Amino acid sequence: MSIPAWILDIFAAVMLLVAAVSAGQLAVARAWTRAGARDADIAISHLLMGIAMAGMLVASLSTLPNVAWEAVFAAMTAWFAWCLWRESRGGGAGALARGHHAPHLVHSAAMLYMFAALAGPSSGGGSGMAGMAGGSPGGMQTLHAPTLAFVFVLLLIAYTVRDLDRQARADGYFHVVGRRFAPTGPALATAGPAPAGGPGGGDGVVATMPRAAQAEAAVPEPAAAEPAAERLLLAPAAVKACRVAMGVTMAFMLIIMI
Amino acid sequence: MSDIALERNRTGWRDRLGVAGSVSAGLDARRVLQLILAAIWLLDGVLQYQSFMFTKAFTQMIGATSSGNPGVVARPINWNATVVQHHLVLVNTIFATIQLLIGLGIAWRPTVRLALAASIAWALGVWWFGEGLGGVLSGAASPLNGAPGAVIIYALLAVLLWPSDRITASGAPAPFVAARAVGAGVARGLWLVLWGSLAYFALTPASRAPTAVHDMVAGMASGEPGWLAALDRHAAALAGHSGLAASVVLAVALAVIALGVFLPPPAAKATLILALVVAAVIWVIGEGFGTILTGGGTDPNSGPLLALLALAYWPLVPAAAPQRQILLTGQHTEGTPA
């Protein structure tokens with residue numbers, strides 16, 4: 001017996017929901033305009049990963065051949081690696097790990113690995129999924145280099161736990177697209193220079209702020225004029241939930257394909 | 001009601017839920033260790049979803065832990081194995097989801113207390129009904145195979161990392177993270193019992209037999225990736241027929257670790273480093289990373305938990321730690337004048 005199909009269906013549904021939220025974020029933020037384009041790459045990556053993972057989990061949701069997804073995620077990995085290098089230049093390994101783009105680099109690289117390391121159906125009835133494009137419905141997909149899969153699982157879980165622990169509104173870390181995080185004047189005045197971690201490396205900013213300033217910084221931009229859908233889709237809590245769901249699902253997929 | 005009274009009520013409510021620390025994004029040492037514990041629970045939950053766990057092999061694995069245990073312990077284990085076998089998919093999905101939720105709950109500050117409490121209850125249940133008390137009563141326990149049961153260390157960590165601070169009579173800060181919730185004396189006692197029992201298990205007849213270490217390590221190679229299988233084979237060859245000598249060396253190291261937390265900080269640090277090294281050796285050589293890489297591991301086993309425990313006993317710098325705490329969180333902590 002393998003993993004019941006309904007469990008894979010649930011994970012696939014969650015990934016489709018993440019993809020839908022990401023698409024909604026891109027739409028309400030008008031990501032194709034200059035004002036809405038900031039961090040649109042992250043929302044696009046969530047959208048593509050959601051679709052790709054749903055297709056891996058459930059064969060009928062498969063959209064592109066594996067080689068096409070490999071190319072997509074290779075490009076995405078290269079892009080986030082460049083973004084991370086740019087934002088953490090001179091900051092050392094710590095800045096790299098804390099960087100705004102670090103979790104997205106890990107997510108993209110894990111996706112690339114999953115598509116590139118498919119070893120085909122296992123004969124021993126081990127772990128795996130039947131939904132990979134090109135895979136036989138009854139077969140179990142496994143991965144080459146399981147040690148690397150385990151390393152990715154540890155990284156994904158580490159970022160998931162860190163994301164969960166992090167305040168959803170404190171420092172703009174969960175900003176994903178469109179709405180620019182803009183702390184109010186006093187918060188900026190007391191926050192000092194931005195850390196080397198870039199826009200997402202806000203740990204240091206919040207840590208050195210007085211509590212009153214932290215409370216002000218925790219208030220997002222005025223939202224009174226925003227439509228409800230926009231408020232909901234661009235809320236840091238929604239971004240955080242999507243990222244946690246994606247991290248857990250990706251770790252789940254890697255583990256069952258070892 | 002005055003504003004001050006309202007604020008007090010709010011603070012009390014937030015304290016009870018464990019939310020108070022979420023005012024800022026600051027992390028203290030205990031929170032970092034809680035997050036590592038959350039990560040291990042999360043990994044545990046994900047592992048429980050593997051296809052192996054949805055097969056009869058899983059129920060056989062549970063049933064096998066009753067072997068050698070007294071009847072009063074074994075009967076509930078067999079009952080549990082039967083229940084799991086009859087409702088395998090449903091029960092295993094519930095098991096996996098509970099573990100996943102415990103991990104997520106510890107990582108999310110508003111639910112940290114609830115999740116830690118749930119983890120204690122869950123761990124105690126699994127220790128008995130799923131791990132046969134870790135083989136402690138059956139004579140099969142060995143530090144190399146996860147004694148005294150990895151899951152009981154989850155419960156111990158939940159107690160030691162509980163988000164409360166025990167105020168000492170002298171007002172002195174806790175000497176290490178594990179002492180913050182239960183006090184230094186109790187924390188040291190628990191450490192002594194755990195590592196002392198590991199030293200004892202290293203010397204039981206089953207562990208000190210001439211080929212015991214060899215057989216245990218060599219047996220781990222099956223199904224592992226090439227590099228790990230080769231490492232296991234080398235380690236097994238090294239142990240050869242010198243099981244007794246290997247067991248004695250291991251027992252001495254474990255006894256030194258057990259006593260280490262009673263020593264002055266520099267010596268305590270040295271024994272904690274030894275504990276980290278022993279935990280790493282146990283995890284890699286003895287446990288093969290919890291056999292996760294074979295696709296059949298139910299949990300990461302005891303190695304990472306022993307290492308996490310060692311970190312919780314790392315001596316804190318008396319003055320610097322609370323100062324940094326205030327800087328990061330804006331809150332006073334144990335031992336800091338309010």
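How many helices and strands does chain A have?

## Chain A at a glance

Chain A has 11 helices and 2 strands; these are DSSP runs numbered from the N terminus, with helices being H or I over at least four residues and strands being E over at least two. Along the sequence, they follow the pattern α-α-α-α-α-β-β-α-α-α-α-α-α. What you are looking at is a predicted model, in which local features need pLDDT of at least 70, side-chain atom pairs count only at pLDDT 80 or more, and totals for chains, interfaces and linings use all residues. Residues are numbered from 1 along each chain as its sequence is written, while chains are lettered from A and ligands numbered from 1 in the order in which they are written.

Of the 258 residues in chain A, 53% are buried. Here a residue is buried if 20 or more other C-beta atoms lie within 10 Å of its own, exposed if 12 or fewer do, and partly exposed in between, with C-beta atoms placed from the backbone. Two residues are in contact if their C-beta atoms, again placed from the backbone, lie within 7 Å. Among the chain A contacts with a separation of 6 or more, 75% join residues 24 or more positions apart.

## How far can we trust it?

pLDDT is the predictor's confidence in each residue, from 0 to 100. Chain B averages a pLDDT of 85, and 86% of the residues score at least 70. Two stretches call for care. Residues 1-25 of chain B stay under 50, and the model gives them 32 contacts beyond four places in sequence. Residues 320-338 of chain B are also below 50, with 33 contacts beyond near neighbours in sequence. For the complex, the predictor gives an ipTM of 0.83 and a pTM of 0.83.

## Enclosed helices in chain A

The expected span is 1.5 Å times one less than the number of residues. Because 14 of its 18 residues are buried, α2(A) is largely enclosed by the rest of the structure. Helix α5 (residues 102-116) of chain A has 15 residues and reaches 21 Å from first C-alpha to last, close to the 21 Å expected. In α5(A), 14 of the 15 residues are buried, so this helix too is largely enclosed by the rest of the structure.

Now pick out Ala19(A), which sits in helix α1 (residues 5-28) of chain A. Ala19(A) is buried, with 21 other C-beta atoms within 10 Å. Leaving aside neighbours within four places in sequence, Ala19(A) is in contact with Leu47(A), Gly50(A) and Ile51(A).

Two packed helices are described by the angle between their axes and the distance between the axes. Axes are lines fitted to C-alpha atoms, for helices over the stretch in contact, and angles run from 0 to 180 degrees between N-to-C directions. Angles under 35 degrees count as roughly parallel, over 145 as roughly antiparallel, 65 to 115 as roughly perpendicular and the rest as oblique.

Helix α2 (residues 29-47) and helix α15 (residues 302-312) of chain B have axes that come within 11 Å and cross at roughly 170°. That makes α2(B) roughly antiparallel to α15(B). The contact includes Leu33(B) and Ile36(B) of α2(B), and Leu305(B) and Leu308(B) of α15(B). Its residues divide into 9 nonpolar, no polar and no charged, where Ala, Val, Leu, Ile, Met, Phe, Trp, Tyr, Cys and Pro count as nonpolar, Asp, Glu, Lys and Arg as charged, and the others, Gly among them, as polar.

Helices α14(B) and α15(B) pack at about 170°, with axes 8 Å apart, and are therefore roughly antiparallel to each other. Residues making this contact include Ala279(B) and Trp283(B) of α14(B), and Gly303(B) and Pro304(B) of α15(B). The contact divides into 11 nonpolar, 2 polar and no charged residues.

## Two residues of α14(B)

Trp283(B) lies in helix α14 of chain B and counts as buried, with 21 C-beta neighbours inside 10 Å. Beyond four places in sequence, Trp283(B) is in contact with Phe289(B), Asn301(B), Gly303(B) and Pro304(B).

Val278(B) lies in helix α14 (residues 265-286) of chain B. Val278(B) is buried, with 23 other C-beta atoms within 10 Å. Not counting residues up to four places away, Val278(B) touches Ala253(B), Leu254(B) and Ile257(B).
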